[in-house]
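Try each task before reading its solution.

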Amino acid sequence: MPNGMNAPETTLEKIERMDRRIVFLAIAITIILPLIWPLGLPIEVSPQVDDFHEAIESIPDGSVVLFPNDYDPASKAELYPMTVAILHHFFKEDRNLKIIGLGLFPAGPPLLQKAFEEVAVEQYGAEYGKDFVNLGYKEGREIVMASMGESIPKTFPTDFFGTPIDSLPIMLGIKNYTDIAILVNVSAGYPGTKEWVQQVVSVFDVLMVSGTTGVSAPEYYPYYNSGQLAGMLEGLKGAAEYETLIEKQGIATSGMDAQSLGHLVIILFIIVGNVLFILNRRNKTKGGRF
Amino acid sequence: MARRSIPTAIAFFFGAMMVVNYFVPWGWFSDRANQVQEWGLIVVAFAYILGALNVMRVHGHKIQRKDEDWRFSIVTIITMVVMLGFGLMPEQWAIGGMERGSPFLWMFDNMYVPMMATMYSLLAFFIASAAFRAFKVRSLEATLLAVTAVIVMIGAVPLGGILLPGSMELRTWIMETLQNVGKRGIMIGVALGAISTSLKIILGIERPYGRD
């Protein structure tokens, strides 16, 4: 072949360089189909999810739970089902737990409020201000966490709706972390689980569990291993396992079929991509034309 | 001289105060440290106002100069003003407050949430495409990475237990042992780096708050 001219593309090379819209279409089909026709794949509960459940079971009835939901709509698909499942656990056995919710992501508290209304109010008849409260958002990240160690009412003088929190019965007698039985964090990143561990668990010795996005979970394994996190939910999978554990199957369980097939298709693409890569390399070294 | 020494002295005083408070959370001293934290919250709140004004200024200039994509700047400013306006309206007004059904929450639920969720969901498609193109076994290290990724991915879903029995346990072992070792090393390194940088700032060796 004369210099400067490229060899014509072989079939294998064409397949290797296939239009990425084909990949997109394959993913779309494998995600949509199981959402329409669920496969009902069995869900096995991991030890860290079991520990999460046990930690909440271990607190006495009537305890106060701090429930920071540090995420925004970008992580809603993974973390909102987790929030819903955890709320079912809080309210389903009539344990009279007092839930103090808040969010350190600006767009977090409206999502938490929606979950409170859908689960606590509509399904269990819980009362705002008596059984649960949404303290809303406060900028300051770690400073907010540390400041709550001195005084929660001073850090959050009003709730999500602007109501002074000293007018809410649930907040009577709540001063700081000494009044909190467990910190249940649902986190999408910074500020979130890592900062709660560093600022609250290490300093005030509060029992803590965490639910995180799948992608950020590896970051928190060292804390779970060291016992600083008593339990952990990892992404949609963690939420689905939790739903199985509390016997309340919801959106996470139905989403797991789609996620299963989605993962499988990505793995198939990795395998096919590598087979083509190896064949093409062999072709080039042997001067093949297929 | 004073321009340099006064900020350094302030940084040293407050930085040292917070460090000492961690180890000696004693009455009077602890109260002062808590007060400093409250000041911090107030300063951060003001930073938000500055941030909003800066967004207006940057996009305002862009519109004025008709820079590239200046029309998007109009959208940015309008949406910011509208959301901010409805968000700040008192509950007593018919169109104010954060209750369900209020315009602010309606826009949040029906515009902001779907847009953010859509952006994040697109990742699934790009990850699949990138995995097909980039996850190639070019070397021993790349092969190890690809094999580990496949095990972790398949072990993370219920289908994995059916297709590859034991994959869940193998994934747990990878995450709790192999992954943890590397992660701990990185975390300890980062923590030591943070301590060293903080000490440099407290002692005035590094001065991110001032111009030399």
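**Exercise 1: helices on the sheet**

Task: find which strands helix α3 (residues 47–58) of chain A lies across.

Solution. Helix α3 of chain A lies across β4 (182–187), β5 (208–212) and β6 of chain A, and runs at about 135 degrees to β6(A). Next, helix α10 (residues 235–245) of chain A packs on the sheet, where it touches β5 and β6 of chain A, and its direction makes about 120 degrees with that of β6(A). Helices (H or I, at least four residues) and strands (E, at least two) are DSSP runs numbered from the N terminus. Angles run from 0 to 180 degrees between N-to-C directions, with axes fitted to C-alpha atoms, for helices over the stretch in contact. This is a predicted model: local features need pLDDT of at least 70, side-chain atom pairs count only at pLDDT 80 or more, and totals for chains, interfaces and linings use all residues. Residues are numbered from 1 along each chain as its sequence is written, while chains are lettered from A and ligands numbered from 1 in the order in which they are written.

**Exercise 2: strand order**

Task: work out the order of the 6 strands in the open sheet of chain A.

Solution. The order is β3-β2-β1-β4-β5-β6, with parallel pairing (at least two DSSP bridges between two strands). The edge strands are β3 (132–137) and β6 (232–234) of chain A.

**Exercise 3: A:Asn69**

Task: is A:Asn69 buried or exposed?

Solution. Locate A:Asn69 in strand β1 (residues 64–70) of chain A. A:Asn69 is buried because 30 other C-beta atoms lie within 10 Å (the cut-off is 20 or more, with C-beta atoms placed from the backbone).

Definitions and conventions:
A residue is buried if 20 or more other C-beta atoms lie within 10 Å of its own, exposed if 12 or fewer, and partly exposed in between; C-beta atoms are placed from the backbone. Two residues are in contact if their C-beta atoms, placed from the backbone, lie within 7 Å.
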